[in-house]
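Dear colleague,

I am passing on the structure below, together with notes on what was found in it. Please read the notes with the model open beside them.

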Amino acid sequence: MASRMTTDLALDPADRACLAGERGEGARLAAQLVTSLGRIYGAERLVPVASVQVAGVSYRNLGAAGLEFLREWAGKGAAARVPAMLNPAGMDLVAWRAHGIPEEFGLRQLEVIEAYARLGVVPTCTCTPYLVGYAPHYGEHLAWSESSAVVFANSILGARTNREGGPGALAAAILGKTACYGLHLDGARRATLVVDVACPLRTTADFGALGYLVGRVAGDGVPLLRLWEPPDGLEAQADLLRSPFLPHLKALGAAMAASGAVALFHIAGVTPEAREQGEEIIAPGAAHLRIDDLSPAYGELGTGGDAVDVVSIGCPHASLAELAQAAALVGGRRVSRPLWITTSRAVLDEARRQGLLAALERAGATVMADTCLVVAPMRHFGFRVVATDSAKLATYAPGHCGLAARYGPLEACLDAAVTGVMRDG
Ligand code: F3S
């Protein structure tokens, strides 16, 4: 990431007109914020963005002051001029009363969504916009906020975005541009940490555990993961790394972004820039790390005891295939603990159409759209221990939700929802 410094920021006539208030006061405020951030981070120019994703949606995080900020900008005529969408909110925007969300919170949350709508931001309310029609093209510049979406867009799709703060992303949507620094530039996209993966990767949870361990070391650097080839001709252990599926990649990136501040990673021979550049992707002086045991991650992420109060699946938001897998695994059983599955509205609607929701609901699961546990008012529910297959949620649960966590594969989490007890996965 670029060091913070003051520099000359080149502006074109349209940017200058915007700063002079010719597009209205709202656009002037947005231009002022984008250019100020650009100067702080040493950008030399602004770059047009193809889309924007705005975090800072839950009323739990925004509060009255955040809502007032949005209303003020909307009142000054600010409006997005590029496709812009929202991160998860603090509740399912349709079924929130049935889910037990307090009335006061629910009404304020709806006011937040309405304020964003006045600003021209679409209430997609998901951290997987790339699954619901907002998949960027290779090389496109974006201004996305949500860390798991940022790392997926950069790493798997080859788009270019920094981890934007909520107001910075909103301002970029209004201006249609962001400051060109950090991961928008080639030089910052080379690997600063080479990770040899020498342990088996059998499940999506294993990918999350790997991401957790890598993120802790990488910080805000750029890891390159590669399959460690055993010198004695034994079979390589982590061969799923050669052909990972979507849930593996979601889990891996989200975990790195949570335990560290990773916004871009590469997998040798798999992700687009690593395939294109080969060894050239490695920056001079890159550090090295070898991982041959995932058990420290499972240990550190398991802060709770065996008895669980709630089970959470769908962080990042579940894809249709993940919902189908959960429905198949839960089979004809009934849960004895709340099983909350979080996804996007578009995926939930399609799952209903395909009959997957009925199967999950017969088992007693609650499938929620628009939200997740990390941004919901979880302290209201009085749970103590959550079981999850998400290393990101397990990382954030104690601090953000007031919950101890148990971390394990999907099968173990679904068993825990049925029995109330989390066994080691
Ligand atoms: Fe998404 Fe919430 Fe997890 S925003 S990545 S479901 S913490």
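Which residues are buried in α5? In α5, the buried residues are S147, S148, A149, V150, V151, F152, A153, N154 and S155, where buried means under 20% relative accessible area, exposed over 50% and partly exposed in between, with a 1.4 Å probe and protein chains only. Since nine of the nine residues of this helix (residues 147–155) are buried, α5 is largely enclosed by the rest of the structure. Helices (H or I, at least four residues) and strands (E, at least two) are DSSP runs, numbered from the N terminus.

Before going further, please note that this is a predicted model, in which local features need pLDDT of at least 70 and side-chain atom pairs count only at pLDDT 80 or more, while totals for chains, interfaces and linings use all residues. Residues are numbered from 1 along each chain as its sequence is written, and side-chain values use heavy atoms, with hydrogens and water left out.

The partners of the buried residues of α5 are β4 (143–144), α8 (246–259), α9 (272–277), β10 (310–318) and α14 (391–401), contact being taken as heavy atoms within 4.5 Å.

Turning to the ligand, the residues around it are P88, C127, E146, S148, G314, C315, P316, C372, V374 and K392, each having a heavy atom within 4 Å of it. Six of the residues in this shell are nonpolar, two are polar and two are charged; Ala, Val, Leu, Ile, Met, Phe, Trp, Tyr, Cys and Pro count as nonpolar, Asp, Glu, Lys and Arg as charged, and the others, Gly among them, as polar. Strand β10 gives the largest share of the shell, three residues, and at least three residues come from each of domain 1 (13–184) and domain 3 (302–419), with bounds from an automatic or database domain assignment.

Some backbone details also deserve a look. C125, in the loop between α4 (103–118) and β4, has a phi near 50°, a positive value in a residue other than glycine, and C125 counts as buried because its relative accessibility is 0%. D370, in the loop between β12 (366–369) and β13 (385–388), likewise is not a glycine and has a positive phi of about 75°; at 2% relative accessibility, D370 counts as buried.

With best wishes
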